[in-house]
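Dear colleague,

Please find the structure below, together with its sequence. I would be grateful if you read the notes that follow with the model open beside them.

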Amino acid sequence: MLSNSDIEALEDILFAEPWGEDALDFFGFHGVVCASVVGPAELSAEDIFRLATGADQLPDTGIPEVFRRCSAQLANDMAHALDMGQALELPEPEDGDPMNALENWCAGFVDTFLEHEEEWLEASSEEETADLMVPMLTLSGLFDDEDFQKVRNSEKLSRQMADAIPDSLTDLYLLFHAPD
């Protein structure tokens, strides 16, 4: 579990110049790390940094050590929980809009999926992967699809999609990481 000071240090990095405008917040970062854990493509701290900040290049000084440590700790915590048969819990905002935080989380997850889509779809049944991705794709706000918008505009349907995410994550993890 990351401490509040870890999260604050991470957000200081994410919102720093020059990438702060394009960067994900902590929820989006959490989504990127989660996709790295449950999906078939394990990402390096550098990959996670690039996806989380939207930066094309890494800083000349390399990735901040706290970013590297938090990425690794979060990934280890998630993999351990999944290996123990526990559902992943998504971070909840202490204040603000939980659906906005969830949208940011989904956007980070989906960005990571899209970056490695070929591996995700090659590594398993394409249809099964697509079905399991529906809640994250729908709630990410990244697509103008009419059906996705209908769900996002309905509090009830949005909640159902949100409630389906932990099971989808477990199923994706098992799909890519469980022995045959």
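Which residues gather in a patch of negative charge on the surface? They are Glu117, Glu118, Glu119, Glu122 and Glu126. Before I continue, two remarks on the basis of these notes are in order. The model is predicted, so local features need pLDDT of at least 70 and side-chain atom pairs count only at pLDDT 80 or more, while totals for chains, interfaces and linings use all residues. Residues are numbered from 1 along each chain as its sequence is written, and side-chain values use heavy atoms, with hydrogens and water left out.

The negative patch

A patch is built from residues with over 30% relative accessible area and no salt bridge, where like charges are joined within 9 Å and nonpolar side chains (Val, Leu, Ile, Met, Phe, Trp, Tyr) within 5 Å. Asp and Glu count as negative, Lys and Arg as positive, and His and the chain ends are not counted. Helix α6 (residues 117-122) gives the most to the negative patch, namely four residues. Helices here are DSSP runs (H or I, at least four residues), numbered from the N terminus. Glu117 lies in helix α6. Glu117 is partly exposed, because its relative accessibility is 33%; the term buried is used under 20%, exposed over 50%, and partly exposed in between (1.4 Å probe, protein chains only).

Salt bridges

Side chains of opposite charge can pair when their charged atoms come close. A salt bridge is a side-chain nitrogen of Lys or Arg within 4 Å of a carboxyl oxygen of Asp or Glu. By this rule, the count is six salt bridges.

One of them joins Glu115 and Arg50, whose closest N and O atoms are 2.9 Å apart. This pair links distant parts of the chain, since Glu115 is in helix α5 (residues 98-115) and Arg50 in helix α3 (residues 45-53), 65 residues apart. Both partners are partly exposed: Glu115 has a relative accessible area of 40%, and Arg50 has 26%. Together with Asp47, Arg50 and Glu115 are linked in a network of salt bridges.

Another salt bridge is formed by Glu146 and Lys150, with 3.8 Å between the closest N and O atoms. Glu146 and Lys150 are separated by about one helical turn, because they are four residues apart in helix α8 (residues 146-153). Glu146 counts as exposed, at 55% relative accessibility.

The side chains of Arg159 and Asp163 also meet in a salt bridge (3.6 Å, N to O). Both residues lie in helix α9 (residues 155-177), four residues apart, or about one turn of the helix. Arg159 is partly exposed at 41%, and Asp163 is partly exposed at 49%.

Is Ser140 buried or exposed? At 2% relative accessibility, Ser140 counts as buried. Ser140 is placed in the loop between α7 (126-139) and α8. Leaving aside residues up to four places away in sequence, Ser140 touches Glu103, Cys106, Ala107 and Val110, where contact means heavy atoms within 4.5 Å.

Asn100 is found in helix α5 and is partly exposed, with a relative accessible area of 39%. From C-alpha to C-alpha, Asn100 and Leu139 are 9.4 Å apart in space, although 39 residues apart in sequence.

Ala178 belongs to the segment after α9 and is partly exposed at 33% relative accessibility. Ala178 and Asp83 are 95 residues apart in sequence and 9.2 Å apart in space, C-alpha to C-alpha.

With kind regards

Methods: Helix = DSSP H or I, 4+ residues; strand = E, 2+ residues; numbered from the N terminus. Areas by Shrake-Rupley, 256 points an atom, 1.4 Å probe, with all protein chains shown as cover. Charge placed at Lys NZ, Arg CZ, Asp CG, Glu CD.
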